[in-house]
Amino acid sequence: MYLLDTNMVIFLFKGRYQINQKIKQVGLENCFISEITLAELKLLLPMALHW
C-alpha cells in the first residue's frame with residue numbers, strides 16, 4: 001500500500017519523475033491519498049499546474 005502525498009500527485013499531473021510508471025508498477029489499486037492531500041489538491045492544484 002502506498003500513500004501519495006500532495007507533491008507526488010502534482011508531479012503525476014505534470015508528468016514529472018515518471019510517477020505514472022511507478023504507479024503502474026505497483027498497481028493503481030495499491031495507491032491512495034489522504035483527506036488532507038485531497039483538500040490541499042483542491043486548493044493548490046490549479047496554481048501548481050502553472051509552476
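Met-1, Leu-3 and Phe-32 form a nonpolar surface patch of about 400 Å² in this predicted model. A patch here joins residues with over 30% relative accessible area and no salt bridge, with nonpolar side chains (Val, Leu, Ile, Met, Phe, Trp, Tyr) linked within 5 Å and like charges within 9 Å; a salt bridge would be a side-chain nitrogen of Lys or Arg within 4 Å of a carboxyl oxygen of Asp or Glu. The areas come from the Shrake-Rupley method with a 1.4 Å probe, and for residues only the protein chains shown count as cover. Phe-32 belongs to strand E2, and this residue is partly exposed, with a relative accessible area of 39%.

Residues are numbered from 1 along each chain as its sequence is written. Because the model is predicted, local features need pLDDT of at least 70 and side-chain atom pairs count only at pLDDT 80 or more, while totals for chains, interfaces and linings use all residues, and side-chain values use heavy atoms, with hydrogens and water left out.

Confidence is expressed as pLDDT, the predictor's score for each residue from 0 to 100. The protein chain averages 92, and 96% of the residues score at least 70. Among the elements, confidence is highest in E2, at a mean of 98, and lowest in H3, at 87. Helices (H or I, at least four residues) and strands (E, at least two) are DSSP runs, numbered from the N terminus.

The largest nonpolar core holds nine residues: Leu-4, Val-9, Ile-10, Ile-19, Ile-23, Cys-31, Leu-41, Leu-45 and Ala-48. Helices H1, H2 and H3 (35–48) each supply at least two residues of this core, and H3 gives the largest share, three residues. Such a core is a set of buried Ala, Val, Leu, Ile, Met, Phe, Trp, Tyr and Cys residues joined through side-chain atoms within 4.5 Å. In soluble globular proteins, nonpolar side chains tend to be buried together.

Cys-31, a member of this core, lies in strand E2 (residues 31–33). Leaving out residues up to four places away in sequence, Cys-31 touches Tyr-2, Leu-4, Ile-23 and Val-26, where contact means heavy atoms within 4.5 Å.

The table sets out the accessibility of five residues, for which buried means under 20% relative accessible area, exposed over 50%, and partly exposed in between (1.4 Å probe, protein chains only).

| Residue | Relative accessible area | Class |
|---|---|---|
| Thr-37 | 6% | buried |
| Cys-31 | 13% | buried |
| Tyr-17 | 54% | exposed |
| Gln-18 | 55% | exposed |
| Glu-29 | 60% | exposed |

Tyr-17 is found in the loop between helix H1 (6–14) and H2, and its phi is near 55 degrees, a positive value in a residue other than glycine. Gln-18 has its place in the loop between H1 and H2 and likewise shows a positive phi of about 55 degrees although it is not a glycine. Glu-29 lies in the loop between helix H2 (19–26) and E2.

Two C-alpha separations relate sequence to space. Glu-29 and Met-1, 28 residues apart along the chain, are separated by 8.5 Å, whereas Cys-31 and Met-47, 16 residues apart in sequence, are 24 Å apart.
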